[in-house]
2 protein chains.
Amino acid sequence: MKKTALSELGRRVKAPPISWLMELALSRPQLISLAAGFTDHETLPVGPVRELFAGLLSSRRTGQPALQYGSTTGDPVLRQLTAADFSLLDGVLEPRKVHSPDRMLITNGSQQLLYMAVEALCDPGDIVLVEDPTYFVFLGILQARGAASRGVRLDHDGLNIGHLEQVLERLKRSSELRRVKMIYIVSYYQNPTGVTTSFEKKVKALKVLRRYEKAAGHPIYLLEDAAYRELRFRGADIKSALAVKGHSDRVIYAGTYSKPFATGIRVGFGILPESLFAPVLHLKGNHDFGTSNLPQKLLAQAIVSGKYEEHLATLQKRYAHKARVMRRALQENFPVEVELWEPGGGLYYWARLPHSIKTGIKSKLFQSALAHDVLYVPGALCYCDDPTRRKPDHEMRISFGAATEENIRVGVARLGAVLRDLIK
Amino acid sequence: MKKTALSELGRRVKAPPISWLMELALSRPQLISLAAGFTDHETLPVGPVRELFAGLLSSRRTGQPALQYGSTTGDPVLRQLTAADFSLLDGVLEPRKVHSPDRMLITNGSQQLLYMAVEALCDPGDIVLVEDPTYFVFLGILQARGAASRGVRLDHDGLNIGHLEQVLERLKRSSELRRVKMIYIVSYYQNPTGVTTSFEKKVKALKVLRRYEKAAGHPIYLLEDAAYRELRFRGADIKSALAVKGHSDRVIYAGTYSKPFATGIRVGFGILPESLFAPVLHLKGNHDFGTSNLPQKLLAQAIVSGKYEEHLATLQKRYAHKARVMRRALQENFPVEVELWEPGGGLYYWARLPHSIKTGIKSKLFQSALAHDVLYVPGALCYCDDPTRRKPDHEMRISFGAATEENIRVGVARLGAVLRDLIK
């Protein structure tokens with residue numbers, strides 16, 4: 001049998017570009033990986049989770065529901081707690097409408113929500129606008145779906161609105177606007193740049209999108225990926241796009257409990273506009289008819305008991321410290337020619353090198369770093385395939401999430417030495 | 001904005017037909033539901049899970065990995081244990097090849113494996129053969145994907161092979177064979193009929209499929225859904241289709257730990273032929289880059305400690321008992337005109353009424369049962385939309401899974417009274 005039975009999706013889907021890096025790191029234990037987006041091992045809440053489970057499973061009354069099927073939408077208590085928390089954070093005056101538990105869906109990490117949003121909106125050939133650069137796994141979802149993407153330039157406070165308008169205008173002129181379904185932004189401590197989108201930019205972006213809806217012939221949504229929102233260690237929280245008055249019906253909000261509590265539990269949530277709630281809920285029904293009940297009950301208990309808040313505070317302090325360790329190491333070791341993007345939270349530094357220094361897997365820099373046992377994520381992996389511009393390849397993402405302090409120091413020093421060598 | 005931005009998938013996806021029944025049951029607490037496919041509340045292993053977590057989370061060494069991200073394929077220990085168990089069950093001589101941990105993927109319940117198998121193989125317009133009747137959520141997946149289905153008659157020992165050949169022959173004549181990607185069978189204590197497929201039928205089915213591959217121009221797979229395999233309470237285990245010599249490269253096996261241990265943990269697994277492993281793995285990467293690590297570590301510990309086996313034995317005894325309670329109630333209350341299908345495991349009885357008695361949601365029987373506060377699953381919901389035959393609508397699925405013994409007795413008695421009333 002020479003021919004394959006695979007569907008178009010099955011033929012298109014690929015391994016994420018990062019998986020090669022991950023395997024490399026696993027196969028060479030001496031390698032210092034500043035590439036992994038894992039969270040800090042030390043901070044995982046082993047003690048709190050042990051106590052929470054001991055409580056939850058101490059009686060059949062509370063234990064049985066945690067071990068039984070739940071509903072496809074997710075645990076009602078967790079949804080209520082989440083809705084209350086996030087409407088408070090967003091200072092929304094109509095919490096019942098915008099942040100209602102009835103618009104909320106618990107998912108297997110926020111990743112599943114991203115996947116289902118693309119499933120619900122995109123046919124092959126449709127177009128999704130993304131930040132330039134953006135989260136590479138999302139690009140993989142689009143690629144497998146056969147959707148195209150266009151990059152929108154990223155400033156230090158989020159989308160470059162002028163460029164967003166240019167991109168939309170160009171798509172309008174080429175009669176491709178009817179294929180544009182949404183824009184995807186990672187709005188807090190973005191992966192990979194660490195950039196946080198200001199509230200003003202959210203307002204402006206939503207207004208711009210709305211202006212092009214008539215020509216598109218349908219709504220254009222904004223998918224806000226807030227995966228890192230809680231990992232803030234500087235500045236005040238910024239309201240989500242759901243808080244933009246008169247536009248919440250165009251916002252899909254993807255949140256998560258994995259990163260702020262424990263990545264091993266993989267519980268995320270989505271807040272969806274009414275127009276999308278039923279289709280996405282029914283997709284979820286087909287995927288798995290509901291996220292595992294056990295971690296949901298655990299999280300609800302963590303929130304109610306205060307352990308969640310307590311752990312989050314520890315986590316924030318820890319990442320703030322590790323970010324400082326990395327900053328100091330960068331200042332001491334990286335040549336002044338390198339432009340560093342300073343995050344106010346999250347897990348990443350973004351470094352922009354002189355244009356002449358390439359960072360890709362085949363570059364001298366990458367190979368030399370590897371020879372010195374240090375790994376980073378080449379910037380080019382984070383850029384979509386946009387036919388209207390060349391893919392930048394002189395940047396890198398370096399993470400202080402998973403590495404130990406010692407490894408951050410040593411890894412950055414090695415990387416700095418390699419860089420100085422190349423730049424001089 | 002009148003037009004929708006939804007994709008074709010987003011527009012096609014529907015609520016499962018059963019969700020209306022579920023909501024009904026929730027909104028009327030006095031209702032006795034013999035419809036739910038939930039597992040027995042009483043048997044949920046609260047004590048064992050408490051002890052397992054206490055152990056797992058007693059040290060940071062074992063606790064941290066359970067709370068950290070895992071890999072997309074799933075926990076290596078759980079995959080190894082599962083592979084060893086199932087190759088033993090299947091008596092396969094080449095366990096390394098057929099049941100290799102390298103061919104195994106941990107999923108969010110077996111449901112996610114079913115979803116991804118369809119994603120990887122089916123484009124809109126493709127055809128999947130299913131048992132007639134079959135698991136309705138699977139029909140929902142096909143419908144949303146835009147795939148068509150054809151029913152293959154079900155005997156008491158599985159697929160009617162003569163009919164399978166007829167269906168394939170007809171598809172060959174109408175030049176539709178190239179659209180046929182797989183056959184889906186629920187091979188143990190089938191949902192909804194309780195039928196178990198004999199090993200001989202698996203051998204024959206795979207041989208028949210292979211004969212038609214040339215005309216199809218590609219492999220035709222057999223997706224074996226073994227969700228109920230471990231819930232056996234009579235007879236010996238039957239080998240899976242993976243054990244059919246020379247054909248394991250056409251078998252996708254979907255197993256689960258949810259039903260035999262605890263439904264709230266939602267951990268399933270797939271064993272995939274080499275040709276499909278990478279595409280499905282990469283789909284999983286896009287879905288959620290790996291099932292939650294915590295329940296996987298829990299299960300691995302449950303298996304190693306013997307608690308899993310112990311619990312399963314309790315469960316099997318309990319369901320055997322509840323099935324006996326239901327059988328007695330059926331014998332005492334159902335008219336002799338009703339043909340009962342006796343299961344050797346699983347959660348369901350299947351009842352075939354005289355053709356004149358309809359069982360659908362609008363039927364006298366269903367409405368009268370509802371008026372007497374008892375709920376069953378109408379048989380028609382379990383039949384695919386097959387243009388080549390009329391959909392039977394004189395059957396019902398009744399479950400002894402979730403209901404208490406008392407409710408089984410009272411519910412069946414009420415249903416029997418309604419039936420006697422209609423038949424006389």
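In the predicted model, Arg145(A) and Glu119(B) form a salt bridge across the two chains. Their closest N and O atoms lie 3.7 Å apart. The pair qualifies because the cut-off for such a bridge is 4 Å between a side-chain nitrogen of Lys or Arg and a carboxyl oxygen of Asp or Glu. In total, four salt bridges link chain A and chain B. Polar contacts were also counted across this interface, giving 48 residue pairs, with both residues at pLDDT 80 or more.

On chain A, several helices give two or more residues each to the side that touches chain B. These are α1 (8-12), α3 (46-56), α4 (60-67), α7 (109-121), α8 (136-145), α11 (213-216), α12 (274-288) and α13 (293-305). Helix α12(A) supplies the largest share, eight residues. By class, this side of chain A holds 35 nonpolar, 27 polar and 18 charged residues. The contact as a whole draws 80 residues from chain A and 80 residues from chain B. About 6,600 Å² is buried between the chains. Carbon and sulfur atoms give 61% of that area.

Chain A contains an open sheet of eight strands with mixed pairing. The strand order is β2-β9-β8-β7-β6-β3-β4-β5. Strands β2 (104-107) and β5 (158-159) of chain A are at the edges. Each has a single partner strand, so one side of each lacks a neighbour in the sheet. Within the sheet, β6 (residues 180-186) and β7 (residues 221-225) of chain A pair in the parallel sense over five bridges. Here Tyr184(A) has Leu223(A) in β7(A) as its bridge partner.

Two helices of chain A lie across these strands. Helix α10 (residues 199-211) of chain A lies across β4, β5, β6, β7 and β8 (251-256), at about 150° to β7(A).

In chain B, an open sheet of eight strands has the order β2-β9-β8-β7-β6-β3-β4-β5, with mixed pairing. Its edges are β2 (104-107) and β5 (158-159) of chain B, each with one side left without a neighbour, because each has a single partner strand. Asp155(B) has Gly158(B) as its bridge partner in β5(B). Helix α7 (residues 109-121) of chain B packs on the sheet, touching β2, β6 (180-186), β7 (221-225), β8 (251-256) and β9 (268-271). Its direction makes about 155° with that of β8(B). Helix α10 (residues 199-216) of chain B also packs on the sheet, touching β4, β5, β6, β7 and β8, at about 150° to β7(B).

Notes
Residues are numbered from 1 along each chain as its sequence is written. Chains are lettered from A and ligands numbered from 1 in the order in which they are written. This is a predicted model: local features need pLDDT of at least 70, side-chain atom pairs count only at pLDDT 80 or more; totals for chains, interfaces and linings use all residues. Side-chain values use heavy atoms; hydrogens and water are left out. Contact means heavy atoms within 4.5 Å. Buried area is the accessible area (1.4 Å probe) that two parts lose on being put together, summed over both. A polar contact is a pair of N or O atoms within 3.5 Å; within protein, one must be able to donate a hydrogen and the other to accept it, and residues adjacent in sequence count only if both atoms are side-chain atoms. Helices (H or I, at least four residues) and strands (E, at least two) are DSSP runs, numbered from the N terminus. Ala, Val, Leu, Ile, Met, Phe, Trp, Tyr, Cys and Pro count as nonpolar, Asp, Glu, Lys and Arg as charged, and the others, Gly among them, as polar. Two strands pair if DSSP finds at least two bridges between them. Axes are lines fitted to C-alpha atoms, for helices over the stretch in contact, and angles run from 0 to 180 degrees between N-to-C directions.
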